[in-house]
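Subject: A structure for you to look at

Dear colleague,

I am passing on the structure below, and after it you will find an account of what turned up in it. Please keep the sequence and the 3D view open beside this message as you read.

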Amino acid sequence: MKKAYKIEVDCANCANLMEDAAKKTDGVKTAVVNFMTQKMIVEFEDGQDTAAVMQKVYKNCKRVEDDCVIYM
């Protein structure tokens, strides 16, 4: 399952860091962060609770970019 989320991130490098952090999160199959559109598209592994996985994604993203925002 894929879902798109609106994000707030200040620079393209920060968006890349967030993308890498999201991709490394358990339950995420793949993730793409688009700085220009301020969106994150996450594809979840089968059978995952998307809300729980996104909480982990948000936590991991905050570690690399503490002022990022993901609207869930």
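Is threonine 25 buried or exposed, going by its relative accessibility? Before the answer, please bear in mind that this is a predicted model, and that what follows should be read with that in view. Threonine 25 counts as buried because its relative accessibility is 4%, and buried here means under 20%. This residue lies in the loop between helix 1 and strand 2, and, when residues up to four places away in sequence are not counted, threonine 25 touches Val53, Lys56, Val57 and Asn60.

**The core**

One of those partners, Val57, leads on to the largest nonpolar core, which has 20 residues. The residues with the most contacts inside this core are Met18, Met40, Val42, Met54, Val57, Cys61 and Ile70. Two or more residues are given to the core by each of strand 1 (2-8), helix 1 (12-23), strand 2 (28-34), strand 3 (39-44) and helix 2 (50-64), and the largest share, five residues, comes from helix 1.

Valine 57, leaving aside its neighbours within four places in sequence, is in contact with Ala22, Thr25, Val28, Met40 and Ile70. Isoleucine 70, for its part, has its place in strand 4 (residues 69-71), and it counts as buried because its relative accessible area is 6%. Again leaving aside neighbours within four places in sequence, isoleucine 70 is in contact with Tyr5, Lys6, Ile7, Met18, Met40, Met54, Val57, Tyr58 and Cys61.

How do helix 1 and helix 2 meet? On the side of helix 1 the residues are Leu17, Met18, Ala21 and Ala22, and on the side of helix 2 they are Val57, Asn60, Cys61 and Val64. Sorted by class, this contact has seven nonpolar residues, one polar residue and no charged residues. The axes of the two helices come within 8 Å and cross at roughly 140 degrees, which means that helix 1 is oblique to helix 2. The crossing of helix 1 and helix 2 is right-handed.

Helix 1 also holds glutamate 19, which counts as buried because its relative accessibility is 14%.

**A loop residue with a positive phi**

Please look next at the loop between strand 2 and strand 3, where glutamine 38 is found. Most residues other than glycine have a negative phi. Glutamine 38 is not a glycine, and yet it has a positive phi of about 55 degrees. With a relative accessibility of 17%, glutamine 38 counts as buried.

Strand 3 contains lysine 39, which counts as partly exposed because its relative accessibility is 45%. Leaving aside its neighbours within four places in sequence, lysine 39 is in contact with Tyr5, Ile7, Val32, Val33 and Asn34. The C-alpha atoms of lysine 39 and lysine 6 are separated by 4.6 Å, although these residues are 33 residues apart along the chain.

Isoleucine 41 also has its place in strand 3, and at 41% relative accessibility it counts as partly exposed. With its neighbours within four places in sequence left aside, isoleucine 41 is in contact with Lys2, Lys3, Ala4, Thr30, Ala31 and Val32.

Which residues does lysine 3 contact, once its neighbours within four places in sequence are left aside? They are Met40, Ile41, Val42, Phe44 and Thr50. Lysine 3 is found in strand 1 and counts as partly exposed, at 33% relative accessibility. Lysine 3 and isoleucine 41 are 38 residues apart in sequence, but their C-alpha atoms are 5.7 Å apart in space.

With best wishes,
A colleague

Definitions and conventions:
Residues numbered from 1 in each chain as written. Predicted model: local features only at pLDDT ≥ 70, side-chain atom pairs only at ≥ 80, totals over all residues. Heavy atoms only, no water. Core = buried A, V, L, I, M, F, W, Y, C linked by side-chain atoms within 4.5 Å. Buried < 20%, exposed > 50% of the residue type's maximum accessible area, 1.4 Å probe, protein only. Helix = DSSP H or I, 4+ residues; strand = E, 2+ residues; numbered from the N terminus. Contact = heavy atoms within 4.5 Å. Axes fitted to C-alpha atoms, helices over the stretch in contact; angles between N-to-C directions. Parallel < 35°, antiparallel > 145°, perpendicular 65-115°, else oblique. Left-handed = near helix turned anticlockwise from the far one by under 90°. Nonpolar A, V, L, I, M, F, W, Y, C, P; charged D, E, K, R; others polar.
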